[in-house]
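Visitor: I have a structure here that I would like to walk through with you. Could you take my questions one at a time?

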Amino acid sequence: MDIITTLEQSAENYAKFIPESKKTAIIEKAEQLITQQPIFKSQLSHIIEVMKTNECEEICQIITKKTK
């Protein structure tokens, strides 16, 4: 349970620095985990919501462009 709580807090703190392509992958994995581990639905749903609502900040966009 501590791990999922830590992931949830990390999502809140760092979502704005994660490129959109990575967020999509995180959302997909979280959705898969909800079906496999419904006990964590609340936390995983929150992570999904955070990923969807926090846009990548300008610094994140610059880094993403340089690595392509």
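Visitor: Which exposed residues sit on the face of α3 turned away from its buried side?

Guide: Happy to start there. This is a predicted model, in which local features need pLDDT of at least 70, side-chain atom pairs count only at pLDDT 80 or more, and totals for chains, interfaces and linings use all residues. Residues are numbered from 1 along each chain as its sequence is written, and side-chain values use heavy atoms, with hydrogens and water left out. Exposed means over 50% relative accessible area, buried under 20%, and partly exposed in between, with a 1.4 Å probe and protein chains only; on the face of α3 away from its buried side, the exposed residues are Ser42, Lys52 and Thr53.

Visitor: Why do the buried residues of α3 lie on the same side?

Guide: The buried residues in question are Gln43, Leu44, Ile47, Ile48, Val50 and Met51. They share a side of α3 because the arc they cover around the axis, taken from the directions from the helix axis to the C-beta atoms, is only 165 degrees.

Visitor: What span does α3 reach from its first C-alpha to its last?

Guide: Helices here are DSSP runs of H or I with at least four residues, strands are E runs of at least two, and both are numbered from the N terminus. Helix α3 covers residues 41-53, which is 13 residues. The expected span is 1.5 Å times one less than the number of residues, and α3 comes close to that expectation of 18 Å, with a reach of 18 Å.

Visitor: Is His46 buried or partly exposed, and what does it contact beyond four places in sequence?

Guide: His46 is found in helix α3, and it counts as partly exposed because its relative accessibility is 27%. Its C-alpha atom is 9.1 Å from that of Glu12, 34 residues away along the chain. With contact meaning heavy atoms within 4.5 Å, and neighbours within four places set aside, His46 touches Glu8 and Glu12.
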